[in-house]
Amino acid sequence: MANERIIRLDGKSTTYLIRINSVGHLENLYYGKKLRYDATLEALLPNRTVGIGTGVAYSEKNTLLFLETACLETSTPGKGDFRTPAVQVEYGNGMTTLDFVYYKHRLLKGKPPVKGLDAQSYVEGQDAASSIASNAQNNKKSKNSKATTADTQASTKEEAITVQILLKDKVLPIVLQMNYTMFTNCDVIARSCILTNKTEEPITIRNLASLQLDIPDSNWNIVSFDGAWGRERNITRRHLESGITEISSNCGVSSAYHNPAIFLERPDGTETRGDCYAFNLIYSGNHREVIEKSPFGQTRFQTGINPQTFSWVLKPGEDFTTPEAVMTYSSMGSAVASTNMQSFVNNHIVRGAWKFRERPILCNNWEATYFNFTEEGILDIARAAKELGIELFVLDDGWFGQRDNDTSSLGDWFVNTKKLPDGITKLSNTIHGLGMMFGLWVEPEMVSRLSLLYDRHPDWAIIIPGRDPSVGRNQFILDLTRQDVRDYLVQAMSEIFTIAKVDYVKWDMNRIFSDIHTESNYNLGQFSHRYVLGLYDILKRLTAAFPDILFEGCASGGNRFDLGILCFMPQIWTSDNTDALCRTAIQTGTSYAYPPSTMGAHISASPNHQTLRKTEIETRFNVSSFGILGYEMDLSTLSAQDKQIIQAQISFYKHYRALFQYGRLYRLSDGPQNRSTSDPTSNNQVRWLIANTDFSEMLVLDFQILNQCNIWQSILRIPFARPDFNYAIETRLQKVPVSQFGSLINMVSPLQIKANSQLKKIIDKNIMLDNEQDYHIVSGDILANSGIRLSPQFSGVGFSNNTRVLGDFDSRIYHLIRVQSSRKH
Ligand code: GLA
């Protein structure tokens with residue numbers, strides 16, 4: 001390969017090879033498991049000795065180069081590649097043909113910030129994000145302990161290598177810079193590109209993908225994370241077929257409809273077996289992922305800004321930078337790809353004072369009161385929360401303007417003195433006085449027609465003059481593409497954050513876009529992207545000014561759960577749906593690309609407010625604890641029994657908090673989407689595992705969807721257990737209500753109780769049993785290859801202390817820790 005030029009990027013377990021071919025095109029030579037340094041790369045070269053029927057050869061001199069079969073790092077129309085182009089630029093009289101060839105490249109240690117991006121990945125110490133909130137030094141000052149588990153060690157040793165490659169069109173002075181950074185420890189590559197117009201005429205970008213990966217074969221399943229409000233990021237798994245599969249959002253936010261994260265798995269792949277590629281985009285607006293199976297059996301993957309709602313004029317001398325996209329590869333199934341992504345988010349996306357810092361357990365009043373609260377009522381909830389061990393009280397919607405329902409006051413960010421007569425500072429002081437942090441809900445991007453802000457600045461709302469505007473939740477979006485609107489919002493938020501002495505902010509965004517319009521003077525093909533840039537500008541300024549505030553992103557729950565938001569806000573409200581069963585699907589899907597430290601998960605009332613389903617409080621806790629725990633119910637009216645249960649839950653969570661928040665989340669069984677059909681009970685079960693980096697400590701959620709009778713043995717097998725370790729396994733102590741036994745009460749009661757008697761009613765209300773306690777010492781090889789036999793499940797034929805009374809939507813948590821000996825003492 002004497003004349004071949006190869007650029008090589010190595011991660012801990014992966015290798016990425018870019019070949020500059022004889023013409024100068026960048027080809028992907030290889031992306032997969034790490035190769036030996038002395039590997040013979042000739043075998044990877046395209047092997048063409050004859051042409052293609054009806055194919056277009058690149059040139060009269062290059063009759064054996066067919067771009068439509070090449071694995072290209074970027075692609076343009078017009079020179080024989082008929083797949084979706086990564087770069088589509090219009091110039092002259094509508095011409096789109098371009099042909100980018102290699103000019104030069106440079107390799108850099110670490111990752112210099114990509115120019116023009118407020119939301120991007122970074123390496124600690126070389127913080128991109130000096131352009132974001134340069135507050136890494138605040139880490140040292142933080143009061144809360146830093147998590148000492150899982151990824152923290154990785155963060156100090158993490159290295160990155162960057163290559164910047166400059167390409168030029170063969171004819172026109174249009175330049176494309178391709179940036180690649182390999183984050184070595186987590187095997188994630190970040191990519192972006194910058195297009196510069198050095199011609200003397202304006203050109204129009206119709207599409208500029210952030211990342212293109214051409215894979216030489218097409219035997220893949222596509223996994224996407226889809227849904228809508230209340231059922232975000234549910235898994236869709238389908239086989240890649242001929243033609244184009246498009247996953248996208250055009251509603252202005254990254255959306256609950258289709259998250260930008262995509263996995264490609266082998267059809268026979270599992271969590272632990274088979275090639276797997278994972279992709280994501282650091283962007284909060286309209287995105288598009290294209291997965292194309294070409295006529296020649298190759299796969300093209302592309303991700304970037306959605307071209308449907310985008311066109312950008314570049315004047316002479318101007319450039320345009322795409323958002324960053326990221327990708328990883330695993331040779332051992334989706335679990336490794338997924339934990340690479342989780343680790344990447346913790347180390348290279350989340351930043352500032354709350355990076356790797358244990359997050360407080362919060363109480364939010366929304367589902368307890370909705371808009372209808374008084375200061376006294378709020379303080380009752382806060383006091384009750386404090387007594388239970390909760391650390392942060394969050395006052396949700398309704399505290400400002402005249403806001404008694406969702407028809408008014410967005411934009412009027414001053415206190416509603418009818419509800420809080422002593423003001424917000426007083427409330428904050430009182431809550432601080434209880435020894436809790438204080439947090440506040442805001443929805444700055446919006447305005448209600450019934451508001452003082454709208455009266456003053458009707459032109460700030462995104463409404464088309466002369467058309468009846470469409471509405472979402474009775475509100476309008478402010479035009480964040482305008483500097484004056486952004487300046488106003490930064491000032492208004494700074495004031496309220498200061499007055500209310502907030503430690504935490506829930507930043508909400510409750511409608512999607514329609515009636516696109518601006519009073520500013522630019523083409524509306526730029527609007528959606530400019531909005532996202534405007535949002536990032538506001539967030540950059542506020543997070544720099546308030547580095548210690550913990551921000552939680554929210555958009556009607558998880559309508560904007562993406563890496564762009566996570567560059568500013570370390571956690572996001574995963575979904576407005578807090579039903580434990582629905583949450584198993586939502587959090588399972590979310591865990592593919594995002595770590596538990598990012599997922600807000602609250603325990604709410606039963607029956608649940610979104611589904612009216614009844615679930616036990618222990619199960620609601622078990623599911624929520626695999627994320628950032630909170631309570632969102634009226635804690636001031638709890639029964640003595642529930643108080644006791646919640647106190648125990650909170651102390652359990654605090655004890656294992658670092659692991660719950662910063663451990664790596666694996667899916668042992670992901671419920672109805674489960675890939676294994678051989679076991680009739682498998683898709684009746686959701687099992688999650690959260691582990692530290694060396695698997696010496698783990699927590700397992702075992703969630704049963706519907707109860708079945710006469711199930712013999714439930715086996716807990718953990719393929720990730722280290723065969724050379726020994727483990728002690730125990731069950732979290734939780735309560736089983738006696739009422740669950742109904743008229744079978746005498747099966748569990750030492751006294752004879754009459755059905756329907758007063759005594760039975762009292763017992764049902766007040767007595768709870770301890771759950772069965774499985775305790776095992778087991779060697780890791782058995783745990784990994786066979787598993788332990790859990791106590792038998794209740795089946796109507798008897799009961800002992802060791803019966804697992806597991807009803808519908810019921811669950812357990814198991815704790816596993818490494819021990820020296822494999823024998824019980
Ligand atoms: C959105 C949020 C909720 C709550 C309400 C308040 O729906 O997702 O958590 O804050 O707004 O209006």
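Helix α12 (residues 617-624) is mostly covered, with eight of its eight residues buried; buried means under 20% relative accessible area, exposed over 50%, and partly exposed in between (1.4 Å probe, protein chains only). Helices (H or I, at least four residues) and strands (E, at least two) are DSSP runs, numbered from the N terminus. The model is predicted, so local features need pLDDT of at least 70 and side-chain atom pairs count only at pLDDT 80 or more, whereas totals for chains, interfaces and linings use all residues. Residues are numbered from 1 along each chain as its sequence is written, and side-chain values use heavy atoms, with hydrogens and water left out.

**Helix α12**

- The buried residues of α12 are I617, E618, T619, R620, F621, N622, V623 and S624.

**Overall architecture**

- The secondary structure of the chain comprises 16 helices and 39 strands.
- The radius of gyration is 28 Å, close to the 28 Å that the globule rule gives for 825 residues, so the chain is as compact as a globular protein of that length. The radius is taken over C-alpha atoms, and the globule rule is 2.2 Å times the number of residues to the power 0.38.
- The C-alpha trace spans about 95 × 65 × 45 Å along its principal axes.
- Of the 825 residues, 63% count as buried.
- Among contacts (heavy atoms within 4.5 Å) with a separation of 6 or more, residues 24 or more positions apart account for 72%.
- The chain exposes about 30700 Å², of which carbon and sulfur atoms supply 51%. Accessible areas come from the Shrake-Rupley method with a 1.4 Å probe; for residues, only the protein chains shown count as cover.

**Ligand site**

- Of the 13 residues around the ligand, D396, D397, R473, K506 and D576 come nearest; a residue is near a molecule or strand if one of its heavy atoms lies within 4 Å of it.
- The shell divides into four nonpolar, three polar and six charged residues. Ala, Val, Leu, Ile, Met, Phe, Trp, Tyr, Cys and Pro count as nonpolar, Asp, Glu, Lys and Arg as charged, and the others, Gly among them, as polar.
- Polar side-chain atoms lie 2.9 Å from a ligand oxygen atom in the case of R473 and 3.0 Å from a ligand oxygen atom in the case of D508.
- The protein buries 96% of the 310 Å² that the ligand exposes when taken alone.

**Loop residue T199**

- T199 lies in the loop between β8 (188-197) and β9 (203-215) and counts as buried at 13% relative accessibility.
- The side chain of T199 makes a polar contact with the side chain of N197 (2.6 Å) and reaches the backbone oxygen of E201 at 2.9 Å. A polar contact is a pair of N or O atoms within 3.5 Å; within protein, one must be able to donate a hydrogen and the other to accept it, and residues adjacent in sequence count only if both atoms are side-chain atoms.
- Not counting residues up to four places away in sequence, T199 touches L172, P173, I174 and P316.

- Q120, in the loop between β5 (100-109) and α1 (138-141), is buried with a relative accessible area of 0%.
- Polar side-chain atoms of Q120 lie 2.7 Å from the backbone nitrogen of V114 and 3.0 Å from the backbone oxygen of L117.
- N521, in the loop between β25 (504-507) and α9 (527-545), counts as exposed at 80% relative accessibility.
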